[in-house]
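Student: Hey, can you walk me through this one? I'd like to go through it piece by piece.

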Amino acid sequence: MTYPIAIDNNRAIWSGFGNHYWPALYFVDARGRIAVAVLINRTELAEGHAQHFGEPVSPNVVHGAILTVVAEDGQRSPSTIIDTGRRPEIHAVKWVGDKVAVGGRVFTENRADGTGWDGLVAVADPYLRTLRPIQLLDIDRGDVVLDFAPAPGGQLLAVGSTGYIQNPAGASISEEAAPMAALLDADGKFVRRISMVSGPRHNQVRSVTAWNGGRWLAAGMHDGPGTHSGDGNLALIKADGFVRDFRADQ
């Protein structure tokens with residue numbers, strides 16, 4: 001039996017069989033097209049996809065994502081396979097014209113200080129089932145991409161968190177993380193970092209959108225907790241939300 005649970009309107013679905021779960025993110029554009037990215041973290045998902053849809057997936061794809069788009073009339077296109085080669089997390093999927101940007105992070109190296117994650121950017125042309133070279137963002141220790149927005153000239157704006165430190169042998173995260181915004185080229189390759197106002201403790205930019213002719217609106221949190229912030233003081237389990245405008249040329 002499969003158990004799908006919708007988390008919100010355009011973000012995440014968790015589906016699973018038994019104790020195995022595969023998070024899926026989806027985004028619907030203004031035309032009504034849907035893009036769905038499903039995390040591959042076990043071979044069973046790739047095997048099940050190939051069996052159900054008749055679309056073979058290489059048995060060598062153990063880590064990555066399956067990207068599928070559905071047209072406004074409900075017609076599904078064949079899926080595009082994103083092979084990250086290393087353990088990923090998928091946190092963002094966004095239409096960029098007729099292409100789809102998929103973002104998150106990849107566990108590139110098991111480092112003792114917990115900074116072994118790099119931001120993940122994959123830009124696909126789902127109608128041709130082609131994928132531009134996967135890009136890793138290594139801005140400041142651990143990095144994660146949480147959202148995208150199209151930028152002028154075919155570029156991309158990526159937002160998320162940097163200095164994101166996690167227990168290399170577990171899931172605990174620290175209080176130390178700064179907001180991240182970066183300008184990328186059309187392939188998702190890093191161009192430059194954009195200055196963002198940072199608050200205390202854990203910072204994340206969760207979403208971004210164009211606003212008011214050349215400016216952008218970013219939303220997220222400042223002063224967020226780490227996993228063990230409340231171990232000695234429950235009052236430290238708190239966060240301040242924000243919505244702030246900024247310019248991409250900062």
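Student: Which residue in β18 does Met221 stand opposite?
Tutor: Met221 stands opposite Gly241 in β18. Keep in mind that we're looking at a predicted model.

Student: And how many bridges do β17 and β18 pair over?
Tutor: Eight bridges, and β17 and β18 run in the antiparallel sense.

Student: What's the strand order in that sheet?
Tutor: β16-β17-β18, an open sheet of three strands with antiparallel pairing. Its edge strands are β16 (202–211) and β18 (240–247), each of which pairs on one side only. From one strand to the next, the twist averages 25°.

Student: What holds those strands to each other in general?
Tutor: Strands of a sheet pair through backbone hydrogen bonds, either parallel or antiparallel.

Student: Okay, Asp223 then. Where is it?
Tutor: Asp223 sits in strand β17, which covers residues 215–224.

Student: Is Asp223 buried or exposed?
Tutor: Buried: the relative accessible area of Asp223 is 10%, and the cut-off for buried is under 20%.

Student: What does the side chain of Asp223 make a polar contact with?
Tutor: With the side chain of Arg201, at 2.7 Å. If you leave out residues up to four places away in sequence, Asp223 touches Pro200, Arg201, His202, Lys238, Ala239 and Asp240.

Student: How many residues of β12 are buried?
Tutor: Seven of its eight, which leaves β12 mostly covered.

Student: How do β12 and β13 pair?
Tutor: In the antiparallel sense over seven bridges, with β13 spanning residues 156–162. Pro150 stands opposite Leu156 in β13, and the bridge partner of Asp143 in β13 is Thr162.

Student: What's in the turn between β12 and β13?
Tutor: The two strands form a hairpin with five residues between them, and Gly153 in the turn has a positive phi of about 70°.

Student: Let's do packing. How many residues are in the largest nonpolar core?
Tutor: It has 18, and the ones with the most contacts inside it are Ala35, Leu67, Ile90, Val93, Val100 and Val102. The elements giving two or more residues to this core are β3 (20–28), β4 (34–40), β5 (64–70), β7 (88–96), β8 (99–107) and β9 (117–125).

Student: What is Leu67 in contact with?
Tutor: Leaving aside neighbours within four places in sequence, the contacts of Leu67 include Ala35, Val36, Ile82, Val93, Val100, Val102 and Ala124.

Student: Which residues are in the second core?
Tutor: Among them are Ala149, Met196, Val208 and Phe242; that core is separate and has 15 residues.

Terms used. Residues numbered from 1 in each chain as written. Predicted model: local features only at pLDDT ≥ 70, side-chain atom pairs only at ≥ 80, totals over all residues. Heavy atoms only, no water. Helix = DSSP H or I, 4+ residues; strand = E, 2+ residues; numbered from the N terminus. Buried < 20%, exposed > 50% of the residue type's maximum accessible area, 1.4 Å probe, protein only. Polar contact = N/O pair within 3.5 Å; in protein donor to acceptor, adjacent residues only side chain to side chain. Contact = heavy atoms within 4.5 Å. Core = buried A, V, L, I, M, F, W, Y, C linked by side-chain atoms within 4.5 Å. Pairing = 2+ DSSP bridges. Axes fitted to C-alpha atoms, helices over the stretch in contact; angles between N-to-C directions.
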